[in-house]
Structure formats: C-alpha cells, structure tokens
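User: I am new to reading protein models. Can you walk me through a few features, one at a time?

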Amino acid sequence: CPKQVTWGGKRSIIRDFYRVRGINLSDPLTAHPQQGYVRELWFDSVPYRGKPTRVFARYARPDGKGPFPAMLLIHGGGGTAIPEWAEHWARRGYAALVFDLQGCGADGEHMNDGGPRIEDNAIFGAPADTPDGTETNEFGFISLSALRPGGPADSTPDAKRKRDPRDIWGYHAAAAIVRGHALLESFPEIDRERIGATGISWGGYLNCIIAGFDPKLKVVVPVFGCGFYHEHGAWEQLLNKRMTKKNMQKWVALYDPSSHMEQAKCAMMFANGINDSHFPMNTMKKTALQCKGPVAMCHIMHIVHQHRWDIREVEPYVDSIIDYGTPFLQVSRIKRENQAVSATYSGPVDAERAALVYTCDSGPWRPRAWTSTPAKLDTATKTISAELPKDRKVTAYYLSLADERKFSISTLHEENSEP
C-alpha cells in the first residue's frame, strides 16, 4: 500500500451519466442510478530516474456503507484519470479507482514528480539522453542492473546513456496499478474479495500484465489489448527493426504480456474489434490461450479503436464474476469436419441467435473484409453449427452466440489451412 496518500477535492455525483451519453444497458440502474461522490487523490509510487514519484487518481464510490465491489480503471494512450468513467461504475454499485498513468495531475499538466508519459521513447526505451517526445532511430535498453537490490551495474559511459529497465513506462504503470489495488483494499467500505480491473488499449495491455502477477484480482477485462507485440501488430516493426535482437528479447521478457499471462488465473474477457488497428486476431488468440482461468471472447465487428467504455458486455461480465450477476454463456472451441463447423455451449441463460463470421482475405488482419451469416442454433443439444462456403476459400472464421439479454460471446477464431 502506498505510504503517503494525499486527498484532494470531493464532489457529488449528481448527473445521470447513462442518459448524458445515450447509453442504455437494459439495466435498472439506468432509470434509477445510484449516487455517490468522486474524490481526487495522489499517492506515492516507485522512483523514476532516481527521483520519487506520485500518481494522481480519482476515487468514486456509491452512497451507503458497503461493502462494495471495486474496479481498477486503466486508460489508454491520450487518456487520464477520467472522472466520468469512475462515475459510470459507481452508478452500478461499484467503487472505482481511475489513474493518470502519464505523470499528470488534476489539471492535465505533467507533474514535477510524475512518472514517464505514454510515448514510444519511454515505452520501448530510447537512449536516456534522447529528449522525450522526439523521434529516434534506436530503441531498446541495455542495463546490467538487475530488477532487485544488490544486482551488478555497468557504469561505462555507453551504459549510462541507456535506460534502466525500471525507467520503462510499463514498469511505472504496473507499479501504480498494484499500489492502487492495495490502496483500495485498505478502505473499510471495500470488499477485498471482489476487486477487478478493466483497461482500454494501452490499458488493455497493462490488464494482461497485471492479470499475471496480481493474484488477488478476481476478473480482468482488456478492451483492445493482448500480448506478442514482437510477432504482429502496430509495434512489430519497431521491436524487430529498431531494436537489437538482444534488447527486443529483453523487452519482451520484462514487458510483453506474453511473458506474464501464463500466471493469470482470474476470469478474463477479451473484447476486441476483428479489424483492430493495434491488436490483431492471431495474437489475441495466442494471449487468451495462455490464461489458466476461465476466458470469454467478445469479437466485435465494425468497431473503431478508441477510448470507449460503452461495450455492453463488459459490465455484465464483471457482474457475473464478482457481483453475483447472471453468468455468461460459455462456448467451446470449434470442431470441424470437411466444411461443417460446430461448437457447444452451456450456461443458465437461453441462447437466442448464432452466426458464422468468416473472411476470405489473407495477409494483414486489419484490412480484411468479414462476412457474417446466420448459423444453426439447436437449443435442445446446445449446439451451434454452420457450413463454410464451398465456392470460396475461407482463411479464418469463428462462431458467435447471443443470449436472451443480447450479450454476445465468440469462439476463438480458427485459420483455414486446407487448400
């Protein structure tokens, strides 16, 4: 838990955020939202380049004594400690802690004692004497300093130009989240056994990391986020072309979610667009398969990568894990025989419709065109089935299933290796 916490301004939650944003989640809280308050706070975090740092956050809680379930809210690039996001959860009966992970304060300006910003130089480690915010042709860090006290250190002039692994943005962001979790647990109104996390984009990336090394989290929902950055996605070229192989391997070992997800035992839902510009389908699948706990997939067609928290499956899924909500349907992996594909499902709610979603394009995932066609839903045997088109060469496909509440889940996608 942070040793020093400073509390700032406190204001009541007085507006109906759902109505303001036009969001309707078919929830009684939409019509009768809970009230509460949002309060600013600062807490100490790990040193950056040898200097102490603080993290700015906002804490929202519903009215009442609790104990409340709680959520850690982790923003993406360009984000901050957005009060409306915390309000959004407080209206559903959750306490929520939303961070600024760019080293900024309540006014949006970078604090003198803030951590690194979300930019390539700090994320991937440009030479330490490269000014923040400038382009560089070289990324990566070389430091013989271990991530533990007493490790060896290289004091040569060349080594001093390299960032210490602890100067990387992911280290500071993850440290802030873990300390924020401990801070939440210290509040008497919080149910310590019912704390989860959700994040968007870079926040989804961090979700995948903390799921692996924060075992107290009960549920984690990355929205646009996965691992294997060095294999595919928006940063593949930077990692493989603008880093030495040694530095790339070190970055992956320390800061790629693929190095941590095998330790994840909490429930997870991955919500992602099938044409997402940063997190392609194949690395999303590989990340999900690393998890040791229950996993739900929510593939979304025609969604733009942006900082959004209105994906309608996220909150009910969290409810189903930590707030005694109705469980989601669970769907198996696809079985295939010739052109016939099928999957089974289980759960306490009725399935309403199913679809086969497929693409005939190859190459990069982002520009691929996808087609959705109805699949056969057999509620007696709880089976979804469909026929792949015989006149077209399908390269990838998955089955989706919507329940009676209109909440959708998906199978993991499969890639077609047949001629």
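## Reading rings, charges and burial

Analyst: Gladly. Keep in mind that this is a predicted model. Tyr 229 has a relative accessible area of 2%, so Tyr 229 is buried.

User: How many aromatic pairs does the structure hold?

Analyst: There are 23 aromatic pairs in the structure. Take Tyr 229 and Trp 251. Their ring centres are 6.0 Å apart and their planes meet at 35°, so this pair is tilted. Now place the two in the chain. Tyr 229 is in the loop between strand E7 (219-223) and helix H8 (236-241), while Trp 251 is in helix H9 (residues 245-255), so the pair ties together parts 22 residues apart in sequence. Trp 251 is buried too, with a relative accessible area of 0%.

User: Which pair is stacked?

Analyst: Look at Trp 365 and Trp 370. Planes under 30 degrees apart count as stacked. Here the planes are at 20° and the centres 6.4 Å apart, so the pair is stacked. Trp 365 counts as buried at 8% relative accessibility. Trp 370 is buried at 10%.

User: Where does a charge lie over a ring?

Analyst: Go back to Trp 365. Arg 368 lies over its face, 3.8 Å from the ring centre. There is another case at Phe 228. The charged end of Lys 286 sits over that ring, 4.4 Å from its centre.

User: Now salt bridges. How many does the structure hold?

Analyst: It holds 18 salt bridges. Arg 54 and Asp 113 form one, with their closest N and O atoms 2.7 Å apart. Arg 54 is in strand E3 (residues 51-62) and Asp 113 in the loop between strand E5 (95-99) and helix H4 (120-125), so the bridge ties together parts 59 residues apart in sequence. Arg 54 counts as partly exposed, at 29% relative accessibility. Asp 113 counts as partly exposed as well, at 23%.

User: What does Arg 194 meet in a salt bridge?

Analyst: Its partner is Asp 323, at 2.9 Å from N to O. Arg 194 lies in strand E6 (residues 190-200), and Asp 323 in the loop between helix H11 (314-322) and strand E10 (330-331), so parts 129 residues apart in sequence are tied together. Arg 194 counts as buried at 9% relative accessibility. Asp 323 is partly exposed, with a relative accessible area of 25%.

User: Is Glu 414 buried or exposed?

Analyst: Glu 414 counts as buried, at 14% relative accessibility. Its side chain meets that of Arg 333 in a salt bridge, at 3.0 Å from N to O. Glu 414 is in strand E19 (residues 414-415) and Arg 333 in the loop between E10 and strand E11 (335-337), so the pair joins parts 81 residues apart in sequence. Arg 333 counts as partly exposed, at 40%. Salt bridges can also share partners: Arg 11, Glu 87 and Arg 91 are joined into one network this way.

User: Why is helix H3 largely enclosed by the rest of the structure?

Analyst: Count its buried residues. In H3 (residues 83-90), 7 of the 8 residues are buried, so the helix is largely enclosed. Among the buried ones are Trp 85, Trp 89 and Glu 87. Glu 87 is also in the salt-bridge network.

User: Which buried residue has no salt bridge?

Analyst: Asp 167 is such a case. Asp 167 lies in the loop between helix H5 (157-160) and helix H6 (169-186). The nearest side chain of opposite charge, Arg 49, is 4.6 Å away. A salt bridge needs the atoms within 4 Å. Still, the side chain of Asp 167 reaches the backbone nitrogen of Arg 49 at 3.2 Å. Asp 167 also touches other residues, including Tyr 48, Pro 116 and His 172.

User: One last residue. Where does His 110 lie?

Analyst: His 110 is in the loop between E5 and H4. At 31% relative accessibility, His 110 counts as partly exposed. Its side chain reaches the backbone oxygen of Gly 115 at 2.8 Å. Its contacts include Gln 102, Cys 104 and Arg 117.

Conventions: Residues are numbered from 1 along each chain as its sequence is written. This is a predicted model: local features need pLDDT of at least 70, side-chain atom pairs count only at pLDDT 80 or more; totals for chains, interfaces and linings use all residues. Side-chain values use heavy atoms; hydrogens and water are left out. Rings of Phe, Tyr and Trp (its six-membered ring) pair if their centres lie within 6.5 Å; planes under 30 degrees apart count as stacked, over 60 as edge-to-face and the rest as tilted. Helices (H or I, at least four residues) and strands (E, at least two) are DSSP runs, numbered from the N terminus. Buried means under 20% relative accessible area, exposed over 50%, partly exposed in between (1.4 Å probe, protein chains only). A charge sits over a ring if NZ of Lys or CZ of Arg is within 6 Å of the ring centre and within 35 degrees of the ring normal. Lys and Arg count as positive and Asp and Glu as negative; His and the chain ends are not counted. A polar contact is a pair of N or O atoms within 3.5 Å; within protein, one must be able to donate a hydrogen and the other to accept it, and residues adjacent in sequence count only if both atoms are side-chain atoms. Contact means heavy atoms within 4.5 Å. Lists of a residue's contacts leave out its neighbours within four places in sequence.
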